[in-house]
Amino acid sequence: MTKILAINGSYRDDGITDQVVETMVEVLQTAGAEVKIILLREYPIEFCFNCRECTQQPGEAPGKCVQHDGMQELIDKIEKADGYIFASPTNFGSVTAIFKRFMERLVVYGYWPWGTNVPKDRKANVPKKKAVLVSSCAAPGIMGRLFFSTTKELKMTAKTIGADTVGTLFTGLIADEAHPRLSKKVQDEAKVLAEKLVS
């Protein structure tokens, strides 16, 4: 059974990001996939200390962090998954702060012993998994893609854990209503993206 891990960095229950992820999850489950959703707003992840202890440990497996929170359990889920959904709204031109905190803790995927200038990617020589990326913004979608860094940061997240991005969905103009609902067009795009993870 295909295992898909969805990591959602939205702050709001039932916002556009949640709705897109839920639409994709329905498609994946119908296709027989096992799906686990991580809502970062409810997940115990502390800030990275930037001590680089995790980067001193050699090998392809992620290094071990000195902190004892929920991140190690999440890394274990990442390692066991066959594909990923990475989702974050755009806040101030970037992924949300809670998604950025999660991103920083992915430093465990770098091998960077003292005395070297740059880290080595622990996943450089392993078979790539699939990832789809979901974001939204108040501006028109084309502006969000061109002028905000959200998609770039989501792609970096996928690459860091050893996944290739097979599709992105960026929804614009989401601030016109207090409680926006997904349009039929966006629902259809989300369904197509979900199918790419299990095809």
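**Note on a predicted model: sheet, helices and aromatic contacts**

1. Thr171 counts as buried, at 10% relative accessibility (buried means under 20% relative accessible area, exposed over 50%, partly exposed in between, with a 1.4 Å probe and protein chains only). Thr171 is found in strand 7. Helices (H or I, at least four residues) and strands (E, at least two) are DSSP runs, numbered from the N terminus. Setting aside neighbours within four places in sequence, Thr171 is in contact with Ile16, Ser135, Ser136, Cys137 and Val186 (contact means heavy atoms within 4.5 Å).

2. A word on the basis. This is a predicted model, where local features need pLDDT of at least 70 and side-chain atom pairs count only at pLDDT 80 or more, while totals for chains, interfaces and linings use all residues. Residues are numbered from 1 along each chain as its sequence is written, and side-chain values use heavy atoms, with hydrogens and water left out.

3. Five strands form an open sheet in the order 2-1-3-6-7, with parallel pairing (two strands pair if DSSP finds at least two bridges between them). Strand 2 and strand 7 are the edge strands, each pairing on one side only. On average, neighbouring strands of this sheet are turned by 15° against each other, direction ignored. Strand 1 and strand 2 run parallel and are joined by six bridges. In strand 2, Ile37 stands opposite Ala6.

4. Two helices lie across these strands. Helix 2 (residues 71-80) lies across strand 1, strand 2, strand 3 and strand 6, and runs at about 135° to strand 1. Helix 6 lies across strand 1, strand 3, strand 6 and strand 7, and runs at about 175° to strand 7. Axes are lines fitted to C-alpha atoms, for helices over the stretch in contact, and angles run from 0 to 180 degrees between N-to-C directions.

5. Helix 1 is largely enclosed by the rest of the structure, because 11 of its 15 residues are buried. Among them are Ile16, Val20, Met24 and Leu28. The cover over the buried residues of helix 1 includes strand 1 (3-8), strand 2 (34-39), strand 3 (83-89), strand 6 (129-136), strand 7 (163-171) and helix 6 (184-198). Just after helix 1, Gly32 takes a positive phi of about 95°.

6. The structure holds two aromatic pairs. Tyr84 and Phe86 form a stacked one, 5.6 Å centre to centre with 10° between the planes. Rings of Phe, Tyr and Trp (its six-membered ring) pair if their centres lie within 6.5 Å; planes under 30 degrees apart count as stacked, over 60 as edge-to-face and the rest as tilted. Tyr84 is buried, at a relative accessible area of 0%. Phe86 is buried too, also at 0%. The Phe99 and Phe102 pair is edge-to-face, because the ring centres are 5.4 Å apart and the planes stand at 75°. Both Phe99 and Phe102 lie in helix 3 (residues 97-105), three residues apart, about one turn of the helix. An α-helix has 3.6 residues a turn, so residues three or four places apart point the same way. Phe99 and Phe102 are both buried.

7. Last, a charge over rings. Arg52 lies over the face of Trp112, at 3.9 Å from the ring centre. Arg52 also lies over the face of Trp114, at 3.9 Å from that ring centre. A charge sits over a ring if NZ of Lys or CZ of Arg is within 6 Å of the ring centre and within 35 degrees of the ring normal.
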